[in-house]
Amino acid sequence: MEQVEKELKLVKWTNESFIEILMNSNNKERLKEILPVIRRYTNAIVVHYKMDLDSTAQVSIGAKVIAVA
């Protein structure tokens, strides 16, 4: 989560900016931790679910993709 917050601070936010989260559908609990951090910067959030994802979640901020354990 620290890496996600660092990247969020570096982004130059515009009206077109958004965050994309790919969640492991086997473990949705982590979303409760991720959303408050991201909502400090933007409410433009897209959430997708995938079965058997290697990590708990992947957060896409611009071109960067960060795996959340």
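The exercises that follow treat the sheet, the helices and the core in turn. The model is predicted, so local features need pLDDT of at least 70 and side-chain atom pairs count only at pLDDT 80 or more, while totals for chains, interfaces and linings use all residues. Residues are numbered from 1 along each chain as its sequence is written, and side-chain values use heavy atoms, with hydrogens and water left out.

**Exercise 1.** Determine in which order the strands form the sheet.

*Solution.* Step 1: recall that helices (H or I, at least four residues) and strands (E, at least two) are DSSP runs, numbered from the N terminus, and that two strands pair if DSSP finds at least two bridges between them.
Step 1: strand S1 (residues 19-24) and strand S2 (residues 45-50) run parallel and are joined by 6 bridges; Asn24 stands opposite Lys50 in S2.
Step 2: strand S3 (residues 57-61) pairs with S4 in the antiparallel sense over 5 bridges, and Ile61 faces Lys64 of S4 as its opposite residue.
Step 3: the 4 strands therefore form an open sheet of mixed pairing, in the order S2-S1-S3-S4. Its edge strands are S2 and S4 (64-68), each pairing on one side only.

**Exercise 2.** State which strands helix H1 and helix H2 lie across.

*Solution.* Step 1: contact means heavy atoms within 4.5 Å; axes are lines fitted to C-alpha atoms, for helices over the stretch in contact, and angles run from 0 to 180 degrees between N-to-C directions.
Step 1: H1 (residues 2-10) lies across S1, S3 and S4, at about 155° to S4.
Step 2: H2 lies across S1, S2, S3 and S4, at about 175° to S1.

**Exercise 3.** Identify which residues touch the most other members of the largest nonpolar core.

*Solution.* Step 1: such a core is a set of buried Ala, Val, Leu, Ile, Met, Phe, Trp, Tyr and Cys residues joined through side-chain atoms within 4.5 Å. Buried means under 20% relative accessible area, exposed over 50%, and partly exposed in between (1.4 Å probe, protein chains only).
Step 1: the core has 15 residues, and Ile21, Ile34 and Val59 touch the most other members. H2 gives the most to this core, with 5 residues.
Step 2: beyond its neighbours within four places in sequence, Val59 has contacts that include Val4, Ile34, Ile38 and Ile66.

**Exercise 4.** Decide whether Ser60 is buried or exposed.

*Solution.* Step 1: Ser60 lies in strand S3.
Step 1: Ser60 counts as buried because its relative accessibility is 18%.
Step 2: not counting residues up to four places away in sequence, Ser60 touches Phe18, Ile19, Glu20 and Val65.
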